[in-house]
Amino acid sequence: HKLPAEAFERFLVKCVPQQAAGSWYEPIPTLLFPYFDKELKQEWSQQYWLRLRVSPGTPAGVYKGEVSIEPERGEKALIPVAVTVYPFDLPKTKTECGMWNNTAFGSHGLDHFKDNADYVTAVLDAEIKDMLDHGLNGYCFGQPRAVKYDTQNHTVQLDFSHLDQLAAPMQKRGMPGRHLFSFGNFVNYGLFKHGYKEHSPEFNQALKNILVQYRDWMKERGLNGLMMVFDEPRETELNPWNRNRVDMIKYLKLCREVPGLQTTTTPMGDRDGFNRPYTLMTPLLDVVATHSWPRSDDFAYLCTVEKLADMWTYNNGFTRFAHGFYLWKAKALGHWQWVYSWEVANAHVPVFFARDTSAAYAFPGGFLDTLKYEHVAEGIDDHRYLELLESMLKDAPKDDAFAKDARAFLKVLEEFLPQ
């Protein structure tokens, strides 16, 4: 048996000058470019990256081969490679991992290609494929367009055409995790602009009309979504995307008046800067997304032990550990990270690339992945192995020697991993 050539993807790792201090930049290995040939300079090293995707049903065994690097002058280098394929298929992850994102409409400026529907469809599909290939299972949607604010009847006419285009490749490829939606811009730049007073009966009626349309659209498209009720509640130094505890509870209660609408938000910890609790919001949330640190212990307990809501961790970093073993240890259902592709950076102009902030960057026809994005995929794969092992142990006899070893391994892992 042989692994097909298309199972391998070859990349050249591009060093991008990134800001080290002040005006000082250093070349940092960052981007995976989908080509292999390069003119190398003397005393300059070049990193390459190989990605292998083994198709389901591939016969088990050890596959041997070699990677050949052939210079224009001099002897070629042969690197032996052995790949072990196990006698089982790794199931798709049950985790709900995702990344905040301004969608390909933002990173690629797809609104400028309205007369090229095929190109828009191809880029949107490339974005979802890239996410699924890395194990992500949730998408951060933008907001529909407000066509008309009816201040007499307190309704808002919404145009979901952009969201329809975003949803199409998910339905085609299958992305079943819970996706993120929001309404903050309608409040800050729509309802306020049209004279509505926050939390007034008229305001609540208009916002509820928006929420009902969201829910109905998700139901019609077969999408499992969460309404993100603003971001990181706080009591001082509020940004437009934040609200304090009192306002958050009012918004969450209003969302509960829309049957079937799921909610989430991102408290950074159990308490505010005055040591007063945010945890009382938990029963009004379907998912609590919080940081992994001692200041979130109460949220973790309420979610993972008392089951008042599901728990996600967020912004633990683009690391293998955060998306794999730690996620399993924390008993969280998912991890969300800032950011997939938000900052519109040009990888060829260093001044536009002061920091490596995104998992992937806009590239003609799709996205360039970063090295740290590969770490995320490896972590989610780690979690998939643990998911498979635990599912097999459910039906395994207690006196089976292999099952005993597996349970002992999980026990040691549980004790070894940090809280």
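I started with the side chain of His154, which reaches the backbone oxygen of Thr151 at 3.3 Å. The model is predicted, so I noted the rules: local features need pLDDT of at least 70, side-chain atom pairs count only at pLDDT 80 or more, and totals for chains, interfaces and linings use all residues. Numbering runs from 1 along each chain as its sequence is written, and side-chain values use heavy atoms, with hydrogens and water left out.

Next I looked up where His154 sits: in the loop between strand E7 (145–150) and strand E8 (155–159). Strands here are DSSP runs of at least two residues (E), helices of at least four (H or I), numbered from the N terminus.

Is His154 buried or exposed? His154 counts as buried because its relative accessibility is 15%; buried means under 20% relative accessible area, exposed over 50%, partly exposed in between (1.4 Å probe, protein chains only).

I also found a polar contact of 3.0 Å between the side chains of His154 and Tyr196. Such a contact is a pair of N or O atoms within 3.5 Å; within protein, one must be able to donate a hydrogen and the other to accept it, and residues adjacent in sequence count only if both atoms are side-chain atoms.

Then I checked the largest nonpolar core, which has 69 residues. Such a core is a set of buried Ala, Val, Leu, Ile, Met, Phe, Trp, Tyr and Cys residues joined through side-chain atoms within 4.5 Å. Its largest share, 8 residues, comes from helix H5 (residues 201–221).

I noted a second, separate core of 11 residues, including Leu226 and Tyr314.
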